[in-house]
Amino acid sequence: MTRRERFLGEMDAVIPWSRLIRLIEPHYPKAGQGRQPRGLEKLLRIYFLQQWFNLSDPQAEDAIYDSESMRHFARVELGDEVVPDESTILRFRHLLERHALTHAIFDAVADLLEERRLLLRSGTIVDATIIAAPSSTKNASAIRDPERKQTRKGRNWHFGMKLHIGTDQRGIVHTVRATAASVADITQLPDLPHGQEREVFGDQAYWKEDDREFLEARGMRYRINRRPTSKRRLSERWRMINRARSRTRARGEQAFRAV
């Protein structure tokens, strides 16, 4: 068994398919006189494959033909039925976006994790990642997407969106916020904790003295890496604290990437 097959088998077993289908079904087209809609669960499974393996709509269609493990996960039999084409996959994705069903799916999975006591509430790790997008204006509208902006990270410039993520200390995501890439990480910190944790971890981009005083007044440990000032270096004690926090955050990020 390959790693992909093992991963897809685990996801097939843990995702609450019936619960997600009930969320989408009221908005899904019903069979009529015209073109018959593809199976809802099949398209939902293909949508999950797109997210996990970063597939465009044409790539998702090709992957169903090329990969037996993906085909098996999507419940597609080549000899018995037609594989959903890229336009069908696109329409399904737009349906989810139009009715804000992606948020409902995320909340349903988070509720399931909490029901099964798999989501740790003791602490939250906050971080952000840039989702790149083409910056070219060579498209039908001849303009850039107004929701996407440019930002600098290190010495490199990036164009696109930014995901601001809150996870528990094992890397299980409980909160996601999407903004333009130019939005500063620290502005999203108040929205990332779930409110029940006793500790918050993050890198230097999230350090703010006002936030530290506010959270500690509420009984929460502010374990954000402190920024060194230009006038004086951090003491050895603070350097040790930052190293320990970085190790904790790295373990959470490694677990998140594994998921």
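Modeller: The side chains of T124 and E197 are joined by a polar contact of 2.4 Å, where a polar contact is a pair of N or O atoms within 3.5 Å, and within protein one atom must be able to donate a hydrogen and the other to accept it, with residues adjacent in sequence counting only if both atoms are side-chain atoms. This is a predicted model, in which local features need pLDDT of at least 70 and side-chain atom pairs count only at pLDDT 80 or more, while totals for chains, interfaces and linings use all residues. Residues are numbered from 1 along each chain as its sequence is written, and side-chain values use heavy atoms, with hydrogens and water left out.

A second polar contact, of 3.0 Å, joins the side chain of T124 to that of H174. T124 is buried, with a relative accessible area of 0%; buried here means under 20% relative accessible area, exposed means over 50%, and partly exposed is in between, computed with a 1.4 Å probe on protein chains only. Leaving aside residues up to four places away in sequence, T124 touches a set of residues that includes G166, T167, L192, P193 and H194, as well as E199, V200 and F201, a contact being heavy atoms within 4.5 Å.

T124 belongs to strand β1 (residues 123-132); strands are DSSP runs of E with at least two residues, helices are runs of H or I with at least four, and both are numbered from the N terminus. Strand β1 runs parallel to β5, and 3 bridges join them, two strands being paired if DSSP finds at least two bridges between them. In that pairing T124 stands opposite V200 of β5.

Strand β5 (residues 199-202) is also joined by 4 bridges to strand β6 (residues 221-224), and these two run parallel. Here F201 stands opposite R223, and G202 has I224 as its bridge partner. Together with helix α8 (residues 209-217), β5 and β6 make a right-handed β-α-β unit; right-handed means that, with the strands pointing away from the viewer, the path from the first strand over the helix to the second runs clockwise.

In a regular strand the side chains alternate between the two faces of the sheet. In β5, E199 and F201 point one way whereas V200 and G202 point the other way, and all are buried. A salt bridge is a side-chain nitrogen of Lys or Arg within 4 Å of a carboxyl oxygen of Asp or Glu.

R75 forms one with D12, with the closest N and O atoms 2.8 Å apart. This pair too links distant parts of the chain, because R75 is in the loop between α5 (68-74) and α6 (86-98) while D12 is in helix α1 (residues 3-14), 63 residues apart. R75 and D12 are also linked with E41 and R45 in a network of salt bridges. R75 counts as partly exposed, at 39% relative accessibility, and its phi is near 60 degrees, a positive value in a residue other than glycine. Most residues other than glycine have a negative phi.

The other pair is D57 and R93, whose side chains meet in a salt bridge of 2.6 Å from N to O. D57 lies in helix α4 (residues 57-66) and R93 in helix α6, so the pair ties together parts that are 36 residues apart in sequence. D57 is buried, with a relative accessible area of 9%, whereas R93 counts as partly exposed at 22%.
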